[in-house]
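I will go from one chain as a whole, to its parts, and then to contacts.

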Amino acid sequence: MKGRLQMAQAIQSRGPVTGTAVAPKRRRRFFLSDLYSTAVGKKYVMAITGIMLLGFVFAHMVGNLKMYLGAEDFNHYAEFLRELLVPILPRTVALWLLRFGLIAAVLLHIHAAYSLTVMNRKARSVKYQSARDYQVASFASRTMRATGLIVALFVIWHLADLTWGTVNAVGGDGTFVRGDAYGNVVRSFERVPVAVFYILANIALGVHLFHGVWSLFQSMGWSNPRFNKWRRYLAIGFATIIVVGNVSFPIAVLAGIVGE
Amino acid sequence: MSNHLTNLTLKIWRQSGPNDKGAFESYPIASISDEASFLEMLDVLNEQLIDQGREAIVFDHDCREGICGTCSLMIDGQAHGPQRGTATCQLHMRKFQSGQEIVIEPWRATAFPIIKDLMVDRAAFDRIVEAGGFITAPTGGAPDANLIPIAKPVADASMDAAECIGCGACVAACPNGAANLFTSAKVSHLNLLPQGQAERWSRVEAMVETMDEHFGSCTNHGECEAACPKNISLDFIAMMNKDYRKAKFKNRKLIAQI
């Protein structure tokens, strides 16, 4: 520390850059908020909340596959989620704990993304005045904000459709029945525009995952020549499994494979 | 026998000073040898401009052999032009075609203010290095070679990081204006070596936090690696991210200090 200080004092500040080598000693903040105040720390948060959301998206897709086993199995699974850990905790408590975790993850993911975006905009206040010729930045990496926004809006609509029931089968032939998860899904997806919207939103999710799953390894510093090439394969595989699984549901309903 | 390229049009960013608005101006190059380097072509153009009594184009250059990191230029939307692993000074006109229009712009980043025309102030990089890109041990006379054994792969990895010439192409190419590739190269170069271990954790913390004051954040596009004239790997960014996290935990462990 001392050596760094002496060296810094010997260096005159020059030019329009006003930063100094040694920042004035700040009061130590709480460890986690200190970490979150830096860009690298925010990227850890992006990665960790991303992993939580990956877990949810995967479990959600696998759970919904029970749709193919019929109404009884599907609704039984839905009830199982509410009765998770029931002798230990009262009904729906475990589910709500999971939900709070997810909500926190979503909010943190969005806040980190927003503040990093603001930081990045500031870092290039005057844009390039000629066209950029990007070499390796993928469509996915460059559209993370757009795909993320589409997924966020979709999730709100998805909750209104199948959890709260406020937009379920509006103008259709059915109505939302609390507890009849299977019937609600079928009645919702029988509306073609809704099915198309679900498919498009899931493709956006897949594009988001294609970059996100790879990117989180870099952000967390999980890099090793032995497995580095597998990070890309994992991202492609994970995104494909999620998209194929999720997109199959509205298609199955429209094709009559899943129906009442 | 060298061939000549003819009828080139250069669209070059002209800006009289830091506060000027600036604009592109077009300059014709009637004929230039394909053996000329890109900077030599600009020299030829400047000679012409001076002959005509016009102001020469200001651009950064020094060693012209790809090792000093002074040259820059955004050429047709790519930092250091279209050839991978090559600084602008080592880029030759044979990479271009007769009749082509070539757009030349300075690096764009808030931390790299334009001084004039194509020249930018990269002092923000100095701030990052000043924060920890050194070893404070009083070294005395030069030690004997091989006094400290270093495994060959470690020495190689450290050398790969030390190749960074600090030209700023990573920042220029990054859609976010982030300096993570530069900073990670400077961090990793020392953090890999035995001599760098004593200050490993304070170094990464200080350098990352200084970087934050000037630059954007890494979203893993990979453009920096593609633009780097020294082909520095993204793996160093991962290594820096890991070391930064470890540093945050380790420094907390320094108990019993007031």
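**Entry 1: chain B as a whole.** I started with burial. Of the 258 residues of chain B, 48% count as buried. I note here that I am reading a predicted model. Next I looked up the extent of chain B. Its C-alpha trace spans about 70 × 40 × 35 Å along the principal axes. I then looked up the secondary structure, and chain B has 8 helices and 7 strands.

**Entry 2: the domains of chain B.** Where do the domains of chain B run? Domain 1 covers 4-115, and domain 2 covers 122-252. I looked up the distance between their centres, taken over C-alpha atoms, and found 29 Å. I also checked how the two domains of chain B touch. Domain 1 puts 19 residues in contact with 16 residues of domain 2. On the domain 1 side I sorted the touching residues by class: 10 are nonpolar, 8 polar and 1 charged.

**Entry 3: chain A against chain B.** How many residues does each chain give to the contact? I find 47 from chain A and 52 from chain B. Then I asked which elements of chain A give two or more residues to the side touching chain B. They are α1 (2-10), α2 (31-36), α3, α5 (93-123), α6 (139-142) and α9. By class, this side of chain A has 22 nonpolar, 15 polar and 10 charged residues.

**Entry 4: two helices of chain A.** Two names on that list, α3 and α9 of chain A, also pack against each other. Helix α3 of chain A is residues 39-64, and helix α9 of chain A is residues 192-220. I looked up their geometry. The angle is about 140 degrees, and the axes are 9 Å apart. Why do I write "oblique" for this pair? Roughly antiparallel needs an angle over 145 degrees, and roughly perpendicular runs from 65 to 115. At about 140 degrees, α3(A) and α9(A) are therefore oblique to each other. Their crossing is left-handed.

I then listed who meets whom. From α3(A) come A:Lys43, A:Tyr44, A:Met46, A:Ala47, A:Gly50, A:Ile51 and A:Leu54. From α9(A) come A:Gly212, A:Val213, A:Leu216, A:Ser219 and A:Met220. By class, this helix contact has 8 nonpolar, 3 polar and 1 charged residues.

How values were computed: Residues numbered from 1 in each chain as written. Chains lettered and ligands numbered in written order. Predicted model: local features only at pLDDT ≥ 70, side-chain atom pairs only at ≥ 80, totals over all residues. Axes fitted to C-alpha atoms, helices over the stretch in contact; angles between N-to-C directions. Helix = DSSP H or I, 4+ residues; strand = E, 2+ residues; numbered from the N terminus. Parallel < 35°, antiparallel > 145°, perpendicular 65-115°, else oblique. Left-handed = near helix turned anticlockwise from the far one by under 90°. Contact = placed C-beta atoms within 7 Å. Nonpolar A, V, L, I, M, F, W, Y, C, P; charged D, E, K, R; others polar. Domains from an automatic or database assignment. Buried ≥ 20, exposed ≤ 12 C-beta atoms within 10 Å, placed from the backbone.
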